[in-house]
Amino acid sequence: MTTLALEQETRNYWQLLKGVSDQVKLSLISLLSSSLVSKEAVEDTTEIASTVNIRPEDLEITPFVASLGQNVKPLPADFDYDKAKEDYLMQKYG
């Protein structure tokens, strides 16, 4: 029973948020995850994060990774994700 109530509440929030931009979603993920971490853990990671140095070569994409998306065509702007999901589930599970 608790799982069903939790699932319904989660779906209600998703219906409110599913159309927002990726940047807003990422910001919300950050806020939600930080709300689950204790202050002590955040202070510890702040010290570690200040010593981490990311170099430009750390961000380079290897030729293999770059080649993965070359043949992928973008979806049309009016693509119906819900219909595609429903079609897929109907094919897979009948």
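Buried means under 20% relative accessible area, exposed over 50%, and partly exposed in between. These legends apply those terms to a predicted model.

**Figure 1. Overview of the chain, a predicted model with five helices and zero strands**. From the N terminus on, the elements follow the order α-α-α-α-α. Buried residues account for 0% of the 94 residues in the chain. The mean pLDDT of the chain is 81, and 85% of its residues reach 70 or more. Among the elements, helix α3 (residues 39–51) has the lowest mean pLDDT, 62, whereas α5 has the highest, 93.

**Figure 2. Helix α5 and its two ends**. The helix comprises residues 81–93, 13 residues in total, and spans 18 Å from its first C-alpha to its last, close to the 18 Å expected at 1.5 Å a residue. At its start, a side-chain oxygen of Asp80 comes to within 3.2 Å of the backbone nitrogen of Asp82. Gly94 follows α5 and has a positive phi, near 75 degrees.

**Figure 3. The salt bridge of Lys83 and Asp87 within α5**. The two side chains meet at 2.9 Å, N to O. Lys83 and Asp87 are four residues apart in the helix, about one turn. An α-helix has 3.6 residues a turn, so residues three or four places apart point the same way. Asp87 has a relative accessible area of 36%, and is therefore partly exposed. Lys83, at 46%, also counts as partly exposed.

**Figure 4. The salt bridge of Arg11 and Glu7 within α1**. A search of the whole structure finds three salt bridges, and one of them joins the side chains of Arg11 and Glu7 at 3.0 Å, N to O. Both residues lie in helix α1 (residues 2–17), four residues apart. Arg11 is partly exposed at 48% relative accessible area, and Glu7 is partly exposed at 38%.

**Figure 5. The salt bridge of Lys18 and Asp82**. The side chains meet at 3.4 Å, N to O. This pair links distant parts of the chain, with Lys18 in the loop between α1 and α2 (22–36) and Asp82 in helix α5, 64 residues apart. Relative accessibility is 31% for Lys18, which counts as partly exposed, and 48% for Asp82, which is also partly exposed.

**Figure 6. The one aromatic pair of the structure**. Phe79 and Tyr81 pair edge-to-face, with 5.0 Å centre to centre and 80 degrees between the planes. Phe79 is partly exposed, at 31% relative accessible area, whereas Tyr81 counts as exposed at 57%.

How values were computed
Residues numbered from 1 in each chain as written. Heavy atoms only, no water. Expected span 1.5 Å × (residues − 1). Polar contact = N/O pair within 3.5 Å; in protein donor to acceptor, adjacent residues only side chain to side chain. Phe/Tyr/Trp six-rings, centres within 6.5 Å; stacked < 30°, edge-to-face > 60°. Buried < 20%, exposed > 50% of the residue type's maximum accessible area, 1.4 Å probe, protein only. pLDDT = per-residue confidence, 0-100. Salt bridge = Lys/Arg side-chain N within 4 Å of Asp/Glu carboxyl O.
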